[in-house]
Amino acid sequence: MKADLKTDWTVRDICEGFMYDRALDKGLYGLNGKLTIQPEYQRNYIYDSNGKDVKVIESLLKGYPLGLIYFVKTGEDKYEVLDGQQRITSIGRFVKTTYPFSVPDIDGNPRYFDSLHEEEQEKILNTELTIYVCEGTAQEIDEWFKIINIAGVELNEQERLNASYYGPFTTLARKEYSNTNNANMEKWRTYIKGDPKRQEILHCALDWVSNHDIAGYMSEHRNDNNITDLKNHFDSVIDWINSLFDYTDKEVKGLPWGDYYRKYHNNAYDRVKLNNDVLKLMGDPYVHDKKNIFEYLLSGSNRTELLDVRYFDDNVKRTKYTQQTEQAKIKGISNCPYCAIGNDNNKAKIWKFEEMDADHVTAWSKGGSTDIDNCQMLCQTHNRAKGNK
């Protein structure tokens, strides 16, 4: 990858022809139209939500360096911002007064660019920026993104991949899955964690269709002029979830639905029973891991370890241990019921508390409750052998 260092571009140069779209929260163009500040693959402007826009201007007024900024060369005298668009947008918004913000003076009074002293204005405009202009393949840019020290708000994985594999496919995918005004966004966010502005819905869609190989998928489809395969797969997963489950509370958000779809979408399910079982398990106080209810049911309701239900509190275990041990000593048999009916040397052994495990007499999966009446203490060997029988 080729990277040329430029130190002769000033804030004045970058702000020449600056354009900002308030509706989209985007800095659009600068450098007299030669610089695309926020390409389609980049996130929306987020500095104004946490006060970092003010910090950028204060740094310029104090003569502090803003850190490295990175452009990618896209054509003859044409550039896109790879890293630094938040800082550039903040500077442009402050200097160009269409959508200004203020910085406080020492008394906390707001000051806009046009109310600064002339020497302060010139200090900002004449600040030279340190910019690397890069040229290289998608793989080279992606590797570079992984190792540089990103200034400002760190790029997440999908933002980095969007920059590395920019092209028509990324543009179309971003318009579909990063658009907060998409009519389907509320439904999608029922099942997916994350902020669409930070590309996290798009990341999930790509993760599902690629079976966790997002970079490979984006590389393969980089120059596609459609997102048909991505959209069809994503819609299929969402439609499959909706065809099975009525439950939409917090437990469904962020589950690996793409994996579930690949494993189970060819199985037939009784929808009424499935939803009744969801509600039953959600209300079961002995089910400690509610999020795994869905895979437990989809996988055939056999893997009780998913639900973390094999649990008795310490008081129950100690009470049951004391009861069994006292009765066993009276009868001269082992305090493990399974050892007591055996024929080996453990037939009359009294196990220590720490050598025993609590077990459901009737398995939880077969209707047994997790209370003292359904608890028995078994030696660890027999408990492990018993399993879910």
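This is a predicted model: local features need pLDDT of at least 70, side-chain atom pairs count only at pLDDT 80 or more; totals for chains, interfaces and linings use all residues.
**Notebook: cores and rings**

Leaving out residues up to four places away in sequence, I find Leu 230 touching Phe 169, Ala 173, Tyr 177, Ala 205, Leu 206, Val 209 and Tyr 217.

I then looked up the largest nonpolar core, which has 49 residues. Leu 230 is among the members that touch the most others, together with Tyr 177, Trp 240, Phe 245, Trp 257 and Phe 294. Several helices supply at least two core residues each, including H7 (168-177), H11 (228-244) and H12 (257-264). Another core, of 32 residues, lies apart from it; Trp 9, Ile 14, Leu 66 and Ile 91 are among its members.

Next, the rings. I count 20 aromatic pairs. Tyr 191 and Trp 257 have ring centres 6.1 Å apart and planes at 85 degrees, so I log them as edge-to-face. The two sit 66 residues apart, Tyr 191 in helix H8 and Trp 257 in helix H12. Both are buried. They also belong to one aromatic cluster with Phe 245, Tyr 247, Tyr 260, Tyr 264 and Phe 294.

Tyr 321 and Phe 353 form an edge-to-face pair too, at 5.6 Å and 85 degrees. Tyr 321 is in helix H15 and Phe 353 in the loop between helix H16 and strand E10, so this pair ties together parts 32 residues apart in sequence. Tyr 321 is buried at 15% relative accessible area, and Phe 353 at 17%.

Which charged end sits over the ring of Phe 353? I find that of Arg 318, 4.1 Å from the ring centre. Lys 349 lies over the face of Trp 351, 3.9 Å from the ring centre.

Last, I searched the whole structure for disulfides and found zero. Cys 15 is buried at 4% relative accessibility. Cys 375 is buried at 3%.

How values were computed. Residues are numbered from 1 along each chain as its sequence is written. Side-chain values use heavy atoms; hydrogens and water are left out. A nonpolar core is a set of buried Ala, Val, Leu, Ile, Met, Phe, Trp, Tyr and Cys residues joined through side-chain atoms within 4.5 Å. Buried means under 20% relative accessible area, exposed over 50%, partly exposed in between (1.4 Å probe, protein chains only). Helices (H or I, at least four residues) and strands (E, at least two) are DSSP runs, numbered from the N terminus. Contact means heavy atoms within 4.5 Å. A disulfide is a pair of cysteine sulfur atoms within 2.5 Å. Rings of Phe, Tyr and Trp (its six-membered ring) pair if their centres lie within 6.5 Å; planes under 30 degrees apart count as stacked, over 60 as edge-to-face and the rest as tilted. A charge sits over a ring if NZ of Lys or CZ of Arg is within 6 Å of the ring centre and within 35 degrees of the ring normal.
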